[in-house]
Amino acid sequence: LPSCARKGEGFLATDITGVDWGRDFHLIDHTGKPRTLADFRDKAVLLFFGYTHCPDACPTTMAKMARAVDLLGEDGKRVQGLFVTLDPARDTAQVLAEYVPAFHPSFLGLNGSEAEVGHVAENFKLFFARQAPDASGFYTVDHQAAVFAFDPQGRLRLYFRGDTESAVIAHDLRLLLQS
């Protein structure tokens, strides 16, 4: 077990239970429905910030989240994966509707205005910065590859680094679903 696991609980990710940030969000999902954390009560929630044009960390992390949900079998139905775009200008509802469910059919993409997305990222202490576009207009968004996990009561509990393996995420989700 990594040294970051608390004795007794057995989490493998970083336990951030009790932090005074990352409590909620108010965004629109890729079907056009307004969403807050309360919509997912009774489910564990995996919240990931990224963007669809990301060449590496985002698709890799989304695939790991999906694999973790699948590893849970029937309990996977009690997990909600959420992808918050850090690039609302390009990541429209249509783009998110094609991108996010391709990883897992139950996952939802969340969007809002630049200000709304910025506020949510700030609320989760997440750094991101849009880079200057190249000659063709393409740009990247530097960001942390972090997944936040909430328990079924809606409390922020865990922080997974982007390089966390699916089996570790699944292990910790099992514990959250028992809480």
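Is Cys-58 buried or exposed? At 0% relative accessibility, Cys-58 is buried, where buried means under 20% relative accessible area, exposed over 50%, and partly exposed in between, with a 1.4 Å probe and protein chains only. The structure is a predicted model, in which local features need pLDDT of at least 70 and side-chain atom pairs count only at pLDDT 80 or more, while totals for chains, interfaces and linings use all residues. Residues are numbered from 1 along each chain as its sequence is written, and side-chain values use heavy atoms, with hydrogens and water left out.

**Cysteines**
- The count of disulfides is zero, a disulfide being a pair of cysteine sulfur atoms within 2.5 Å.
- The sulfur of Cys-58 has its closest cysteine sulfur in Cys-54, at 3.3 Å, which is too far for a bond.
- Cys-54 is also buried, with a relative accessible area of 8%.

**Helix α1**
- Helices (H or I, at least four residues) and strands (E, at least two) are DSSP runs, numbered from the N terminus.
- The 15 residues of α1 should span 21 Å at 1.5 Å a residue, and this agrees with its end C-alpha atoms, which are 21 Å apart; the expected span is 1.5 Å times one less than the number of residues.
- The buried residues of α1 are Cys-58, Thr-61, Met-62, Lys-64, Met-65, Ala-66, Ala-68 and Val-69.
- These buried residues pack against β4 (44-50), β5, α2, β8 (141-143), β9 (146-150) and α4 (166-178), contact meaning heavy atoms within 4.5 Å.
- Gly-73, which follows α1, has a positive phi near 65°.

**Helix α2**
- In α2 (residues 93-103), the buried residues are Leu-96, Tyr-99 and Val-100.
- Viewed down the axis of α2, its buried residues fall within an arc of 90°, so they line one face of the helix; the arc is that of the directions from the helix axis to the C-beta atoms.
- Gln-94, Glu-98 and Ala-102 are exposed on the other side of α2.
- The packing partners of the buried residues of α2 are α1 (57-71), β5 (79-85) and β6 (108-111).

**How α1 and α2 meet**
- The axes of α1 and α2 come within 8 Å and cross at roughly 50°; axes are lines fitted to C-alpha atoms, for helices over the stretch in contact, and angles run from 0 to 180 degrees between N-to-C directions.
- α1 is therefore oblique to α2, since angles under 35 degrees count as roughly parallel, over 145 as roughly antiparallel, 65 to 115 as roughly perpendicular and the rest as oblique.
- Cys-58, Pro-59, Met-62, Ala-63 and Ala-66 in α1 meet Tyr-99, Val-100 and Phe-103 in α2.
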